[in-house]
Amino acid sequence: MGLICRDDGWRMPDWLWERIEPLLPPRPFHPLGTHRPRVPDRDAMDAILLVLRTGMQWNALDASGICSSSSAHRRFQEWERAGVFAEIWRQGLLEYDKVLGIDWEWLAADGAMGKAPLGGPKTGPNPTDRAKRGRSVRFSARGEGSRSGWRMTAPTATTQSS
């Protein structure tokens, strides 16, 4: 049906699915039963990994034929809340450390950026401000608005009062 065939070479291999499947939470109970059969977990995971790997939009899954975009996104949210992806990441790191070893000497444990509490004038101006003055006309080089008739009349953050 879709554009992606079964033997395309990018789907999750069996050995990986055998390690991921036990991490999935049990299917949620539906008080009225199911109206339509639930998309198989493996198809949903293949669709999720396709989106995460390629950066494509969720709605583009509809053309792939794997499963609907809404089913894949709903399952992604369900599994994210259950901590499935964090556990896959954790187990992957443990496996990598066991096979190759992680050189912890070169890793940062934590990092943060914030305003210097006692910096005062020594810290300088805000780097995103760049000391701009006057009207900000972002939508047209002419300063009159676009050709579509839209005109910028509301004051902006960088507008000066005369």
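Modeller: A word on residue classes before we start: Ala, Val, Leu, Ile, Met, Phe, Trp, Tyr, Cys and Pro count as nonpolar, Asp, Glu, Lys and Arg as charged, and the others, Gly among them, as polar. The model above is a predicted one.

Biologist: By class, which residues make up the lining of the second largest pocket?

Modeller: That lining has 10 nonpolar, two polar and two charged residues. The second largest pocket is lined by 14 residues, and those nearest its centre are L16, I20, I88, W89 and G92. Its volume is about 380 Å³.

Biologist: How is such empty space found?

Modeller: A probe the size of a water molecule is rolled over the atoms, and this shows where empty space is left. In this model the largest pocket holds about 500 Å³ of space. It is lined by 16 residues, and R36, P37, R38, V39 and R74 are the closest to its centre. By class, the lining of the largest pocket divides into four nonpolar, six polar and six charged residues.

Biologist: Which helices supply at least two residues each to the lining of the second largest pocket?

Modeller: Helix 1 (14-20), helix 2 (41-54) and helix 4 (84-99) do. Helix 4 gives the largest share of that lining, with six residues.

Biologist: How many helices and strands does the protein chain have?

Modeller: There are four helices and zero strands. Along the sequence the pattern reads α-α-α-α.

Biologist: Which residues of helix 2 are buried?

Modeller: Begin with the general idea: an α-helix has 3.6 residues a turn, so residues three or four places apart point the same way. In helix 2 the buried residues are D41, D43, A44, M45, D46, A47, I48, L50 and V51. What covers them includes helix 1, helix 3 (69-81) and helix 4. In helix 3 the buried residues are S69, S71, A72, R75, E78 and W79, and their cover includes helix 2 and helix 4.

Biologist: Why does D46 count as buried?

Modeller: The cut-off for buried is under 20% relative accessible area. D46 has a relative accessible area of 2%, so D46 counts as buried. This residue is found in helix 2. Not counting residues up to four places away in sequence, D46 touches W10, R11, M12 and I66.

Biologist: What does A44 contact, leaving aside its neighbours within four places in sequence?

Modeller: A44 is in contact with V39, C67, R75 and W79. Its place is in helix 2, and A44 is buried, with a relative accessible area of 0%. The C-alpha atoms of A44 and I66 are separated by 7.6 Å, although the two are 22 residues apart along the chain.

Biologist: Is E21 buried, partly exposed or exposed?

Modeller: Partly exposed lies between the two cut-offs, under 20% for buried and over 50% for exposed. E21 has 45% relative accessibility and therefore counts as partly exposed. It is found in the loop between helix 1 and helix 2. E21 and R42 are 21 residues apart along the chain, and their C-alpha atoms are separated by 8.0 Å.

Biologist: For the protein chain as a whole, what share of the residues counts as buried?

Modeller: Of the 162 residues, 22% count as buried. The chain exposes about 13200 Å², and carbon and sulfur atoms supply 56% of it. Among contacts with a separation of 6 or more, 55% are between residues 24 or more positions apart.

How values were computed:
Residues are numbered from 1 along each chain as its sequence is written. This is a predicted model: local features need pLDDT of at least 70, side-chain atom pairs count only at pLDDT 80 or more; totals for chains, interfaces and linings use all residues. Side-chain values use heavy atoms; hydrogens and water are left out. On a 1 Å grid over the protein atoms alone, a cavity is a set of points where a 1.4 Å probe fits but cannot get out, and a pocket is an open set with protein on both sides within 12 Å along at least five of seven lines; lining residues have an atom within 4 Å of a point. Grid points are joined across faces, edges and corners, and a volume is the space filled by probe spheres set on the points. Buried means under 20% relative accessible area, exposed over 50%, partly exposed in between (1.4 Å probe, protein chains only). Contact means heavy atoms within 4.5 Å. Accessible areas come from the Shrake-Rupley method with a 1.4 Å probe; for residues, only the protein chains shown count as cover.
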